[in-house]
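Please read each point beside the structure shown here.

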Amino acid sequence: MSTGSADEPFGGPRKLPWTPALRGLDDVFAHWEAKGVTRDVVLDETLPPRPARTVPLPEDLDVGVRRALLSRGITELYAHQAAARALGQAGRSFVVATPTASGKSLCYNLPILERLAVDPDARALYLFPTKALSRDQEAALRQLMGDAGLPHGAITFDGDTPGDARRVARERSGVILTNPDMLHAGILPHHAGWARVFSNLRYVVLDELHTYRGVFGSHLANVIRRLRRVAAFHGSSPVFVGASATIGNPGEHAARILGEDEVEVISESGAPTGPRRVVVYNPPLVNAELGIRASYLKSAVRLTTDLVRAGVPTLVFGQSRNGVEVMLKYLRDRLQREAGLDASALHAYRGGYLPKQRRAIEAQLRSGDIRCVVATNALELGIDIGALDAVVCAGYPGTLAATWQRFGRAGRREAPALGVLVTSSMPLDQYVARDARQLLDAPVEHARIDPDNPEILVQHLKCAAFELPFEEGDRFGRLPTDDLEGALGFLTDHGVVHPSPDGSGKTVWHWATDHYPANGVSLRSVGWDNFVIIDLDTDRTIAEMDWRSTHTMLHEQAIYQHAAEQYQVERLDFENHKAYVRLVKPDYYTTAMTHTKVTVTDEDRHAEIALRDGGHVLPIGFGEVSVVEKVVGYKKIKFHTHENVGYGDVHLPEMQMHTTALWLTFPEPLVAALLEALRVPRAAVVDAFGGLLASMHVVGAIGLMVDPRDLGQTLGDMSDPSAPGSSGHGATGFDPTLFLYDQVPGGVGLASRLFEEREALLRRARTSVAGCACEGGCPACIGPGAGLETEATAGVLPRRKALVLALLDHLGIGSLH
């Protein structure tokens, strides 16, 4: 039977270091039933197993490749693997969008290995989103090629590759494994030195295609445009192959990234699955008035403890690096105390760990030495960590696609698997908990990119012009020719390129400066290098941190958590990107407090909603904004009790981003009318605006089918003299403004789509608030309040929910049915 995956059972049968009172998933569920845990379960459904759909190994399969497959026990292909092989051999680009662990890697390896077997000069380029994933795949691919008798070799080319290996990659390697960043800055600008590769390039593979969304995906689409130009210059036209987890628009997404009109989609998996039990646990209410529930982190730890004690290999996903480290500490404390489990059997896995440490953890996972790992989304990707029986998600990942990607990490072929979602008190989590069946029934979200975003496009046109001159009539992906020549004219005006006629009278644009443009373009963020974290006691680098996270996690006096140990930041050398820390044993951790201010810089579109009182209008705008974020302080949070035990100040520079936003402005005359009509103080009305914004944010993200973290929200004041209004529409005085903005520089079209559906957005928000089962307002419908709940419950003020609905009634906004 085929597998297409190198996963082996999680370490096989092992002698546990303690005698568990529970053994296996069935015992754990019986224990939860007896302890009353299931009272707070809002979904418990078992998805049926699915048998394999296979075809025999093709008769015309290369002899060496057949031998390599048979040596791995692969005697048949899954139906989707056979379909992929046929498309690859026919030279047609395609994307495989099937669940985790369905053997997607064989879908692209098979046609490529067969091509290498008949064409010794052929080359293939594999792109993975992370260095860790490319190195993980390199070992398996080299073994497969060796068993197939192919002498070409495969090598990872990234920032860690030594000089002699780089030379081999350029001159002799049949398969080069790299990441988009290295292709962008280390290969394409030096394509003349890669002439042998580009002139014989037959296949380009983009693995984990679903991760290329938003700003990263928009950058990658432009890198692919540049790759196509360079390949064509060297005389090749490669076949492009994508592999993706399940998303709502795999064909459309692949076509936009690859710059093709249409891409074949293989979405029906032939791989077998065992029964998968899906559980949603909504922690009990501890404050019904505020809608606050028991800590989701501690709830996830309690459920995971039961699973680990029962000998169930478990993967826990956290929402943040801090959350991961806190859960790891709690799990180690609890399992050492209750079961005598050694701390080395529990590990964290997240961004910031050094490559050597990550690879050691991956190896221990595959061998079964680690019984539980707590991870961020770094382990959503296809890194081989062996097979696990259970996944616990501490908090909703933000999208159905990400949820199922995480749940898919559990399951040994046809063995039973468990996926548990522990919801937090956050609005989107509670929205999911209210109707948990949407996890099973709702359509999976779309991945969205905007390759023609001017801020991104112009940067890559600079890089492309550096690599090869542009000629009149050239194409750059599917960008219209007029737009391309307009952008080249913009670069000409700024002295970056120089136009001149060629022998036939056509205009040719040549690179005209002496700097290296790729170095100034970061594919993943607004830029800036990582900070290194240095232990003062050992003078050793223990981790690294991206520029943005440094503001919230490495400010002076912060508690930096690493592998369940705590370090205090003694000094942050911001200029040289170094943080100096010392190992401590505090009874608290720190969390940063940030302030966000949005300023309209240019209004592109304007609309008004006429209110039913006939005397006022609600101005709605869309355009460019500046978002300034500043960490203003931090809180000290006590371990286990999570009580706030102190504050501190932070003095770091602001972080600024230019993006696009939708905004609703309530001019002072309208606010005055609302105060008179609702007969409540100004603070209560402003609080209601905040509740309306929270609801708009949730239903907006769901309507767009995007992760809510891609959509920022802020309640500001358009009349702020330091924040100029938009085209004179803001009135003087207090003009509360609700902002929803794209959380990526330049925007990717989210706010624009919300503007187009502005009235439906408000009606959906009202439907959500009115349909919530709560009495006075809760995190699921209108988010956390502003501290006025005591007066509301005492009868002094209306409940927040009633106030938000009254506000919408006054605006004439009805529900959407």
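1. Two strands are taken as paired if DSSP finds at least two bridges between them; helices (H or I, at least four residues) and strands (E, at least two) are DSSP runs, numbered from the N terminus. The model is a predicted one, in which local features need pLDDT of at least 70 and side-chain atom pairs count only at pLDDT 80 or more, while totals for chains, interfaces and linings use all residues. Residues are numbered from 1 along each chain as its sequence is written, and side-chain values use heavy atoms, with hydrogens and water left out.

2. An open sheet with mixed pairing is built from seven strands, in the order β1-β11-β18-β17-β14-β16-β15. Its edges are β1 (41-47) and β15 (346-349), each of which pairs on one side only. From one strand to the next the twist averages 15°; axes here are lines fitted to C-alpha atoms, for helices over the stretch in contact, and angles run from 0 to 180 degrees between N-to-C directions.

3. Within this sheet, strands β14 (residues 314-317) and β17 (residues 390-394) run parallel and are joined by four bridges. L315 stands opposite V391 of β17. Helix α12 (residues 321-339) lies across β14, β15, β16 (372-375) and β17, and runs at about 180° to β15. The loop between β16 and β17 contains N377. This residue counts as partly exposed because its relative accessibility is 46%, where buried means under 20% relative accessible area, exposed over 50%, and partly exposed in between (1.4 Å probe, protein chains only). N377 and L662 are 285 residues apart in sequence, and their C-alpha atoms are 29 Å apart in space.

4. Strand β22 (residues 531-535) has four of its five residues buried, so this strand is largely enclosed by the rest of the structure. Five bridges join β22 to the antiparallel strand β23 (residues 540-545), and four bridges join β22 to the parallel strand β26 (residues 578-584). I533 stands opposite A543 in β23 and opposite A579 in β26. The hairpin of β22 and β23 has four residues between the strands, and D539 in the turn has a positive phi of about 55°.

5. In helix α4 (residues 104-118), 11 of the 15 residues are buried, so α4 is largely enclosed by the rest of the structure; among the buried residues are K104, N109 and E114. Helix α10 (residues 250-258) is likewise largely enclosed, because seven of its nine residues are buried. These are P250, G251, H253, A254, A255, I257 and L258. The buried residues of α10 pack against β4 (94-97), β8 (201-206), α9 (214-233), β9 (239-244) and β10 (264-266). Just after α10, G259 takes a positive phi of about 70°.

6. T403 lies in helix α14 (residues 400-407) and is buried, with a relative accessible area of 0%. A polar atom of the T403 side chain lies 2.8 Å from the backbone oxygen of T399. Leaving aside neighbours within four places in sequence, T403 is in contact (heavy atoms within 4.5 Å) with Y396, P397 and L439.

7. Aromatic rings of Phe, Tyr and Trp (its six-membered ring) pair if their centres lie within 6.5 Å; planes under 30 degrees apart count as stacked, over 60 as edge-to-face and the rest as tilted. The count by this rule is 15 aromatic pairs. F29 and W32 form an edge-to-face pair, 5.3 Å centre to centre with 75° between the planes. Both residues lie in helix α1 (residues 24-34), three residues apart, about one turn of the helix. F29 is buried at 12% relative accessibility, and W32 is buried at 4%. The rings of F622 and F755 form a tilted pair, because their centres are 6.2 Å apart and their planes lie at 40°. F622 is in strand β28 (residues 617-638) and F755 in helix α22 (residues 750-756), so this pair ties together parts that are 133 residues apart in sequence. Ring pairs also link Y108, Y126 and F128 into a cluster.

8. Charged side chains also meet aromatic faces. A charge sits over a ring if NZ of Lys or CZ of Arg is within 6 Å of the ring centre and within 35 degrees of the ring normal. R166 lies over the face of F157, at 5.1 Å from the ring centre. The charged end of K329 sits over the ring of F639, 5.0 Å from its centre.

Notes
A polar contact is a pair of N or O atoms within 3.5 Å; within protein, one must be able to donate a hydrogen and the other to accept it, and residues adjacent in sequence count only if both atoms are side-chain atoms.
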